[in-house]
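Let's take a walk through a protein model together, one stop at a time. Keep the picture open and look up each spot as we reach it.

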Amino acid sequence: MKTKVVHWAVWIVLLGLILLGISIIALVSGTTDISFSEIIRLFQYKDLSNPHYSIIFQIRLPRILLGFAVGSALSIAGVILQGMFRNPLVEPYTLGISGGAVLGVCLIVVFRLHKLLGVIALPIAGSLGAICVVLLVYFLSMRKGMIKIQGLLLSGVMISFICSSLVMLIMAVMRAEDVHGIIFWIMGSLEQSSWFLINSVTVVSLIGLGVAYCFCRDLNAFSLGEEGAKHLGVNTETTKKILFLLASILTGMSVSVAGVIGFVGLVIPHFMRIYVGSDHRILLVASSLAGAAFLIGCDTLARIIIAPQELPVGVITGIVGGIVFIYALICKKGVNKC
Amino acid sequence: MLEIKKLTCGYNQQFFLKDIDVNLPGEQIVGVIGPNGSGKTTLLRAISRVINPVSGSMFFEGRDINLISGKEVARKIAVVSQDMDIPSELQVEEFVGLGRIPHQSRFQFFQTKQDQEVVMQALEETGTVKFKDRVLGSLSGGERQLVVIAKALAQQPKLLLLDEPTVFLDISHQVEILDLIRRLHKTQKLSIIVVLHELNLASEYCDRLLLLNNGCLHRDGTPEHVLDYRIIEQVYKTAVVVKDSPVSGKPCVFVVPEEEMNRG
């Protein structure tokens with residue numbers, strides 16, 4: 001037990017350092033060269049007249065913060081869903097939760113409700129869309145009072161398709177100037193000018209981690225299957241509902257602010273499970289840190305790879321995440337044949 | 001200990017158990033036997049509250065079991081079920097530690113000293129200390145079953161329900177598991193209800209047998225009383241010969257192959 005705690009602490013410190021390192025790299029890299037010592041000075045003296053001040057504090061720092069919030073929220077949602085269903089293929093995207101969030105946000109944008117209700121309408125619409133999809137998937141895959149995982153995945157994928165078709169329909173009838181913004185947003189980008197949105201996603205993802213952590217024992221019990229969890233006194237139905245809701249809100253918030261950023265919720269929990277083990281007490285924290293680091297890293301790459309132009313970060317996470325995932329599968333086969 | 005009154009339950013309006021009436025005082029090892037699909041597993045599921053009864057009631061230590069919280073039930077009744085998912089990447093000690101969940105509050109994130117002691121004790125009792133650091137996926141069937149029992153013991157239950165704990169095991173492991181169950185029953189005053197397919201093992205190890213047939217309690221009593229060849233032939237629709245075991249004097253069931261039947 002003692003050795004386990006030490007092991008966990010080492011991992012948390014290590015992942016924290018990696019996150020810090022990647023964040024510093026993200027701060028110094030970009031089209032304008034700003035050295036690390038200069039950044040330290042900017043942080044110390046808050047020299048507003050320095051042109052680099054606004055680059056750091058209004059462009060790079062918000063992106064890092066948003067990357068932290070979204071990366072961690074998506075990873076937590078992935079851990080929760082994979083833990084509940086004991087299936088590594090389940091994540092916000094495969095269950096159609098992201099698709100629902102995209103549809104919700106698109107509807108708001110096309111009816112220009114965000115101009116009317118303020119910018120807060122976007123995350124709310126995203127979360128509502130996500131929750132609607134979760135409810136739909138949940139009831140579609142309910143058979144005899146029990147959820148069947150195959151049905152869940154299938155209906156999730158189908159609803160995902162339906163949602164993206166509806167989004168295309170919306171885009172087809174939309175004014176041209178809105179379409180460009182939506183396409184870029186759907187591809188996933190951490191560029192966000194509203195501090196309010198950045199702060200609210202950060203707060204939600206931190207609260208999400210806290211709430212999920214209160215359910216870490218239940219998630220551990222779920223590894224024995226639903227019946228096994230019941231035998232350990234877990235109220236499986238209520239727990240599932242709460243965790244579903246939590247995963248939808250986390251996903252809906254992330255999607256509405258940063259667009260569709262794939263693979264984080266699939267790859268990060270999978271890797272962390274290999275390295276730190278499947279105990280959710282460490283898995284949740286480790287995945288949250290690793291997801292944040294991964295997304296900030298990918299975003300930095302997206303910014304500098306074809307500078308001065310920018311790639312959508314969703315493209316990078318998709319490619320990097322997918323390749324690394326396949327590589328890990330091959331390596332794992334070689335090592336312990338499972 | 002456990003009193004079942006007029007219990008009827010099933011899945012999807014189809015009744016698998018009808019009007020079961022049993023009083024289990026707890027100082028016996030109770031075996032549940034019966035043909036496939038006779039409702040043995042359903043009975044265990046009803047007792048452990050995985051499925052809800054359609055009608056009837058169950059009293060555990062004098063209290064209506066449906067009024068006890070799930071967590072409290074899990075501190076009193078542990079289940080070794082047949083189709084539990086075994087997370088193969090988990091270490092034995094971690095897995096047994098999951099049995100402590102019913103004793104831990106939502107905000108208790110680490111095991112207390114007592115938790116660790118109970119887990120250690122459960123490992124010792126089942127003789128699984130020697131592979132406590134191995135992962136479940138690397139264990140043999142017999143070792144895995146011992147570990148599953150250890151997890152159930154870590155719940156510190158008063159009643160242990162086992163669903164065919166000896167299935168797929170060779171005779172040495174069958175005997176090992178059932179000897180362990182008997183030992184636990186004696187030393188820890190643990191009440192046992194065990195579903196067994198193998199009639200001879202049930203006869204040998206159980207003090208009392210419940211014979212289920214088509215969801216009804218067909219016969220209830222000592223092995224000598226239940227394992228009568230006429231009853232077995234009626235319920236299992238198979239010709240058998242019952243003789244006393246030369247070792248323990250308990251009834252022993254022998255099957256009669258078709259060829260033998262034609263000859264005699």
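Asp19(B) counts as partly exposed, because its relative accessibility is 48% and partly exposed is what lies between buried, under 20% relative accessible area, and exposed, over 50% (1.4 Å probe, protein chains only). You'll find Asp19(B) in strand 2 (residues 14-24) of chain B. Strands here are DSSP runs of E with at least two residues, helices are runs of H or I with at least four, and both are numbered from the N terminus. Asp19(B) isn't a glycine, yet its phi is positive, about 50 degrees.

Before going on, a word on what you're looking at: this is a predicted model, where local features need pLDDT of at least 70, side-chain atom pairs count only at pLDDT 80 or more, and totals for chains, interfaces and linings use all residues. Residues are numbered from 1 along each chain as its sequence is written, chains are lettered from A and ligands numbered from 1 in the order in which they are written, and side-chain values use heavy atoms, with hydrogens and water left out.

Now, what does the backbone nitrogen of Asp19(B) lie 3.2 Å from? From a polar atom of the side chain of Thr8(B).

Thr8(B) lies in strand 1 (residues 2-11) of chain B. Is Thr8(B) buried or exposed? It's buried, with a relative accessible area of 10%. Leaving aside residues up to four places away in sequence, Thr8(B) touches several others, among them Phe15(B), Leu17(B) and Pro53(B); contact means heavy atoms within 4.5 Å.

Zoom out to the sheet. It's an open one of four strands in chain B, in the order 2-1-4-5, with antiparallel pairing; two strands pair if DSSP finds at least two bridges between them. Strand 2 and strand 5 (63-64) of chain B are the edges, each pairing on one side only. Strand 1 of chain B is joined by five bridges to strand 4 (residues 55-60) of chain B, and there Thr8(B) stands opposite Ser55(B). Helix 1 (residues 40-47) of chain B packs on this sheet, touching strands 1, 2 and 4 of chain B, and its direction makes about 115 degrees with that of strand 1 of chain B. Such angles run from 0 to 180 degrees between N-to-C directions, with axes as lines fitted to C-alpha atoms, for helices over the stretch in contact.

Lys189(B) also has a positive phi, about 55 degrees, without being a glycine. Look for Lys189(B) in the loop between helix 6 (171-188) and strand 8 (191-195) of chain B. At 68% relative accessibility, Lys189(B) counts as exposed.

Last stop: where the chains meet. 25 residues of chain A are in contact with 33 residues of chain B. The area buried between chain A and chain B is about 2,400 Å², with 59% coming from carbon and sulfur atoms; buried area is the accessible area (1.4 Å probe) that two parts lose on being put together, summed over both. On the side of chain A, Arg217(A), His231(A) and Leu232(A) lose the most area to chain B, together 30% of what that side buries.

Definitions and conventions: Polar contact = N/O pair within 3.5 Å; in protein donor to acceptor, adjacent residues only side chain to side chain.
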